[in-house]
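My entries follow in the order in which I made them.

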Amino acid sequence: DSSYPLERIRADFPILAQMVRGKRLAYLDNAATTQKPRAVIEAISRYYETSNANVHRAVHELAERATTQYEGARDRIARFFNAQREEVVFTRGSTEAINLVAYSFLRPLLKAGDEILVTGMEHHSNIVPWQLVAAERGASVLAAPVLDDGSLDFEGWKKLLSERTRFIAVVHVSNTLGTVNPVAEIIREAQARGIPVLVDGAQAVAHLPVDFAALGADFYTLSAHKLYGPTGFGCLLGRRERLEAMPPWHGGGDMIKTVSFAGSTWAEPPYRFEAGTPDMAGAIGLAAALDYVEALGLEQIAAQEHRVLEYATPRLREIPGLRLIGTATGKGGILSFVLEGAHAQDVGSILDMEGVAVRTGHHCTMPLMARYGVSATTRASLACYNGEDDIDQLVAALHKAVRLLRS
Ligand code: PMP
């Protein structure tokens with residue numbers, strides 16, 4: 001589509017201008033992390049150059065400026081996801097957000113024999129925290145089956161619901177397959193039974209609009225770095241009444257109301273869950289990333305990624321011995337595949353020599369690899385700056401890999 005300003009967008013991302021291995025860079029590893037537009041890099045630099053101070057503490061001018069910008073970022077993030085500002089808890093990313101819910105919300109409720117229902121396509125960060133608290137309490141983690149095309153077996157998922165189900169966790173968009181899960185239906189089923197739900201939105205938020213209030217999930221998690229923002233920062237969106245009922249997780253400065261040796265009292269959410277000096281630049285960087293995405297339009301980005309996906313799919317299918325894993329209808333811009341007779345690692349190295357950055361491995365979804373009987377895939381994943389030319393470069397490099405690895 002000639003109306004999509006691809007070249008202008010690319011010019012916004014300084015890192016994309018370079019050559020790697022003497023070749024044009026085709027960055028197709030966006031499900032691992034996205035690149036950062038100049039607006040985000042500059043917002044972070046500007047913060048350190050003009051406003052850096054610790055927040056919530058001092059009365060001096062810089063501290064006031066830092067606090068205003070940091071809390072302003074929370075307002076910005078809340079507005080983007082249609083959440084209340086008290087519902088936005090800052091974390092280091094999705095992983096920490098999920099652990100927070102596992103330890104602060106679920107662990108105190110969990111009893112022997114309880115079940116936590118996840119799906120077979122979860123990222124390890126939406127499996128292992130549940131296993132840790134389940135093991136402590138004699139509870140178990142059940143995984144709903146995944147169909148051959150990479151979609152959730154929703155009937156199979158429903159069959160696993162029972163009076164033992166204490167908690168439901170589901171990935172919104174699979175980082176390995178691109179599958180978009182029916183989270184609205186899952187939440188409806190859960191609510192009908194009074195079971196709390198966490199949605200892992202790490203792979204979703206840069207690709208589809210999320211309205212936290214309308215969705216109705218109890219918890220929703222995201223990582224800034226997969227949304228054109230900085231690494232090591234993210235959010236837990238939590239329903240206000242849930243957060244208010246939860247005990248603190250980490251103890252320290254900023255999360256208390258009063259401290260005495262007779263006992264301490266806790267601040268209100270979200271501060272109750274934000275012990276210590278926070279990542280001010282992280283919050284400001286994410287807010288800048290949301291401004292950037294909003295200016296481009298998430299729908300426009302999604303449409304471009306869809307076009308590129310549609311362009312890529314038949315071309316990949318033409319490569320001899322290539323098997324695409326994850327072909328569910330309506331999936332997001334992720335192409336996971338195996339090349340018959342070749343190790344993903346070798347494929348990745350050959351692609352790298354051609355300037356094509358992809359991820360090879362299990363993508364932190366080992367149970368999903370087992371489901372498809374593979375130990376690894378090669379994964380190309382899209383973002384707003386990808387075009388058909390990136391796919392042409394990928395496909396040419398794959399033909400080369402086939403020649404080299406099968407000769
Ligand atoms: N869930 C999904 C679906 C992911 O893709 C990722 C990151 N690749 C995570 C969770 C973990 O996010 P982070 O590493 O930013 O904590």
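Helices here are DSSP runs of H or I with at least four residues, strands are E runs of at least two, and both are numbered from the N terminus.

I then listed the contact, taking two residues as touching if their C-beta atoms, placed from the backbone, lie within 7 Å. Among the residues that make it are Ala43 and Tyr47 of α2, and Ile284 and Ala288 of α10. The residues of this contact divide into 12 nonpolar, 1 polar and 1 charged, where Ala, Val, Leu, Ile, Met, Phe, Trp, Tyr, Cys and Pro count as nonpolar, Asp, Glu, Lys and Arg as charged, and the others, Gly among them, as polar.

I noted that this is a predicted model, in which local features need pLDDT of at least 70 and side-chain atom pairs count only at pLDDT 80 or more, while totals for chains, interfaces and linings use all residues. Residues are numbered from 1 along each chain as its sequence is written.

Next I found that 14 residues surround the ligand, the closest being Gly93, Thr95, His123, Asn175 and Ser223, with a C-beta atom, placed from the backbone, within 6 Å as the cut-off. This shell divides into 2 nonpolar, 11 polar and 1 charged.

Finally, I counted 14 helices and 17 strands in the protein chain, whose C-alpha trace spans about 75 × 55 × 35 Å along its principal axes.
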